Amino acid sequence: MQIPIKRAIEKVPGGMMTVPLLIGALFATFAPNTPKFFGSFTGALFSGGALSILAVFYVCMGASIDFKATPYIVKKGGALMIVKVGTAIILGLIFGRFLGEAPVTAGIFAGVSTLAIVAAMNDTNGGLYMALMGQYGRPRDVGAYSIMTLESGPFLTMVTLGVAGLSSFQWPALVGAILPLVAGMILGNLDRELRDFLSKAVPVMIPFFAFALGTGLNLTQVWQAGLLGVGMGVAVVIVTGIPLFFVDRLTGGNGVAGVAAASTAGNAAAVPAIVAAANPAYAAAAGPATILIAACVVVTAILTPILTSWVAGIVGRDVEPGEEATTPAAPSVAAPAPVAGH
C-alpha cells in the first residue's frame with residue numbers, strides 16, 4: 001500500500017518548505033521539551049540543526065551555477081538581480097531609518113522588521129521562475145536564473161542591512177555567509193559530474209532545514225502574521241514586480257520574465273536565523289521575520305503565476321528570433337508546484 005505523501009505536500013504552495021516548517025513549529029509550541037527528552041541526533045536536529053543543513057544546502061546549490069553563461073543570460077539575469085536587490089536596499093534604507101534592527105512589538109504591524117522586509121524582497125523563487133519561463137518565455141530566459149541564483153543565502157541581505165546603516169557585520173561573517181555557495185560553484189565548474197551529483201541534493205534538503213527552522217518558532221505568534229503576512233506577500237509582488245517588468249523590457253524581453261521573478265524564495269525563510277547568528281542585534285527580529293517570510297513564500301507562489309499569466313496574455317509569448325509569436329491559451333495556475341525554493 002502506497003500513501004502519496006509527497007504529492008499531497010506538493011499540492012500546498014511552497015509545501016516542501018512550509019509543511020515541515022509548520023510541523024517543527026507544532027513541536028516547539030506543544031512539545032517544547034522534545035529535543036531534551038530524546039537527545040542525540042533527534043535533539044541536534046531540533047536545536048541548531050538548521051545552520052549545519054543550510055551550509056551543505058548552499059554548497060550543493062552553488063554547484064548548479066555554471067560560469068559559462070552566455071552574454072544574454074548574464075545581461076538578463078544580472079539586470080533582474082540588480083533590480084531585485086536594489087529594491088531591497090532602497091526599502092532597507094527607508095525602514096531602517098524608522099525601525100532600526102528591532103521588530104515592531106505592538107499593533108497590527110507587530111513582527112515587521114527591516115530584516116523581514118529586506119529578506120523577503122531580496123530572493124526570487126527560482127523553481128517558480130523557471131517553471132513560468134518554461135511556459136511563457138524562451139529557454140535562455142530560463143537560463144537567466146543561473147545568475148539570479150547569486151541572490152541565495154544571507155550574504156546580500158547582510159550587505160543590504162549594512163548599506164542601510166544598521167548594525168554591520170564583521171568581514172569574516174560576510175565571507176562565511178557566501179563561502180559555501182562559492183565553494184559549490186568552484187566544485188561544480190571544475191567537475192560536471194560533481195555538479196550533477198551535488199545539485200540533486202538541493203530539493204532533498206529543503207524539508208529538513210525547514211523543519212529545523214520551525215522548531216525555533218512558537219505558533220502563539222503565528223496569528224500575528226495572518227493578514228500582515230498576506231500584505232507583505234502582495235507587497236513583494238507589486239513593489240518588485242513593477243520595476244522588474246520594465247527592466248526586462250529594457251533588456252530585450254517583453255516584461256513577462258520580470259513579473260515571473262517577483263516572488264520570495266522558500267529558502268529566504270532561513271535567512272533571518274543565519275543573520276541573527278552572525279549578529280545578535282537581530283535576534284529579536286529573527287523569529288517573527290521567519291514567520292512573515294514563510295507567509296510571503298506562499299502568497300507569492302499563488303499570485304506570481306496568476307499575474308504572469310495575465311501579463312503574458314496581454315503582451316504575447318516571448319519567442320526566439322524566427323519563431324512565430326503566439327498568445328498562450330489560458331493556462332492552469334491553480335497549482336504552481338515547484339515553489340519550495342531554488
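Author: Phe98 counts as exposed because its relative accessibility is 68%, where exposed means over 50% relative accessible area, buried under 20% and partly exposed in between, with a 1.4 Å probe and protein chains only. The model is a predicted one, in which local features need pLDDT of at least 70 and side-chain atom pairs count only at pLDDT 80 or more, while totals for chains, interfaces and linings use all residues. Residues are numbered from 1 along each chain as its sequence is written, and side-chain values use heavy atoms, leaving out hydrogens and water.

Phe98 lies in helix H6, helices being DSSP runs of H or I with at least four residues and strands runs of E with at least two, numbered from the N terminus. Together with Ile90, Leu93, Ile94, Phe95, Val159 and Val163, Phe98 makes up a nonpolar patch on the surface, with about 630 Å² of accessible area in total. Such areas come from the Shrake-Rupley method with a 1.4 Å probe, and for residues only the protein chains shown count as cover. A patch takes residues with over 30% relative accessible area and no salt bridge, joining like charges within 9 Å and nonpolar side chains (Val, Leu, Ile, Met, Phe, Trp, Tyr) within 5 Å. Two or more residues of the patch come from each of helix H6 (71–99) and helix H11 (155–163), and H6 supplies the largest share, with five residues.

Side chains of opposite charge can pair when their charged atoms come close. A salt bridge requires a side-chain nitrogen of Lys or Arg within 4 Å of a carboxyl oxygen of Asp or Glu, and by this rule there is one. The partners are Lys76 and Asp248, whose closest N and O atoms are 2.2 Å apart. Lys76 belongs to H6 and Asp248 to helix H15, so that distant parts of the chain, 172 residues apart, are linked. Both Lys76 and Asp248 are buried.

The buried residues of H15 include Thr240, Gly241, Leu244, Phe245 and Asp248.

Ring contacts complete the view. Rings of Phe, Tyr and Trp (its six-membered ring) pair if their centres lie within 6.5 Å, planes under 30 degrees apart being stacked, those over 60 edge-to-face and the rest tilted, and this rule gives five aromatic pairs. One of them joins Phe46 and Phe211 edge-to-face, at 5.3 Å centre to centre and 85° between the planes. That pair links helix H4 (residues 40–46) with helix H14 (residues 202–214) across 165 residues. Another edge-to-face pair is formed by Phe245 and Phe246, at 5.2 Å centre to centre and 85° between the planes. Phe245 is classed as buried because its relative accessible area is 19%.
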